[in-house]
Amino acid sequence: MLKVENMNVYYDNIQALKDITFEVGKGEIVTLIGANGSGKTTILQAISGMVTPRSGNILFANQSVINKPSNELLSLGLAHVPEGRRVFSKMTVEENLELGAYIIKDKDQIAEDKKKMFIQFPRLFERRRQLAGTMSGGEQQMLAMARALMSRPSIMIMDEPSMGLSPVLVQEIFNIIFEINMEGTTILLVEQNAKKALQIANRGYVLETGKIVLTGTGKALLKDENVKKAYLGG
């Protein structure tokens, strides 16, 4: 579904990504793990059109999407849930969801999808008329995910969805990610909580200073001694 080939990204003269190559198959959860500054967020930004690679290619839906604007990618079925949630704080929960469906022209479909989101995220239904900026971090993360789902994406790329959340909410967010995947949406996940990410991932890639240094199934990486020492606290 998504293939990145020999991608190099620079910020001025500093190389942030070095020959990044990986793929995400239809229906998979694939996670990118690594220390802060290893290049995980830059990869997602390049895929979703916010950063332009200097070389390499990104293939999505059987076509190269290098230099395609983010709104075109959304129309192709790629939704990005950015780090820090980025909800529209002065708009209500319901208005945020409606904005997530701006590429959908069928009003009945939008209404149907909103109902579905309120069933999947009951807290959002309770707060549907509340300003998004007044909600807790966990609720805002749920809203960011639901807003992305309103475009009916075939793949969601998610950047640090559990950042800053309590352990109970972290587990809830990972349960929701797993459910979204089970319902047919492919997931590319960047996550500091490497253990939780690998537990639900089909496959993972480990980044160090802009390079992929290790890849394997989620289960294999959980057992890898180097991964344990560097990212799993043991």
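Student: Why is helix 1 called largely enclosed by the rest of the structure?

Tutor: Six of its eight residues are buried, so helix 1 counts as largely enclosed. Buried means under 20% relative accessible area, with exposed over 50% and partly exposed in between (1.4 Å probe, protein chains only). The buried residues of helix 1 are Lys 40, Thr 42, Ile 43, Leu 44, Ala 46 and Ile 47. This is a predicted model: local features need pLDDT of at least 70, side-chain atom pairs count only at pLDDT 80 or more, and totals for chains, interfaces and linings use all residues. Residues are numbered from 1 along each chain as its sequence is written, and side-chain values use heavy atoms, with hydrogens and water left out.

Student: What makes a stretch a helix or a strand?

Tutor: Both are DSSP runs, numbered from the N terminus: helices are H or I with at least four residues, strands are E with at least two. Helix 1 covers residues 40-47. Just after helix 1, Gly 49 takes a positive phi of about 85°.

Student: Where does helix 1 lie?

Tutor: Helix 1 lies across strand 1 (2-11), strand 2 and strand 4, at about 110° to strand 1. Axes are lines fitted to C-alpha atoms, for helices over the stretch in contact, and angles run from 0 to 180 degrees between N-to-C directions. Contact means heavy atoms within 4.5 Å.

Student: How do you know that strand 4 and strand 5 pair?

Tutor: Two strands pair if DSSP finds at least two bridges between them. Two bridges join strand 4 (residues 55-60) to strand 5, and the two run antiparallel. Phe 60 has Gln 63 in strand 5 as its bridge partner. These strands belong to an open sheet of four strands in the order 2-1-4-5, with antiparallel pairing.

Student: Why are strand 2 and strand 5 called edge strands?

Tutor: Strand 2 (14-24) and strand 5 (63-64) each pair on one side only.

Student: What is the strand order in the open sheet of six strands?

Tutor: The order is 6-7-8-3-9-10, with mixed pairing. The edge strands there are strand 6 and strand 10 (211-217). From one strand to the next, the twist averages 15°.

Student: How do you know which strands pair with strand 3?

Tutor: Strand 3 has four bridges to strand 8 (residues 186-190), in the parallel sense. With strand 9 (residues 203-208), strand 3 has five bridges, also parallel. Thr 31 has Leu 189 as its bridge partner in strand 8, and Val 30 stands opposite Arg 203 in strand 9.

Student: What makes strand 3 largely enclosed?

Tutor: Six of the six residues of strand 3 (residues 29-34) are buried, so strand 3 is largely enclosed. Both faces are covered: Ile 29, Thr 31 and Ile 33 are buried on one side, and Val 30, Leu 32 and Gly 34 on the other.

Student: What makes a group of residues a nonpolar core?

Tutor: A nonpolar core is a set of buried Ala, Val, Leu, Ile, Met, Phe, Trp, Tyr and Cys residues joined through side-chain atoms within 4.5 Å. The largest has 39 residues, and Ile 177 is among those with the most contacts inside it. A second, separate core of 26 residues includes Leu 2, Val 4, Met 7 and Val 24.

Student: Which residues does Ile 177 contact, leaving aside neighbours within four places in sequence?

Tutor: Ile 177 is in contact with Met 145, Met 158, Pro 161, Ile 187, Leu 189 and Ile 200.
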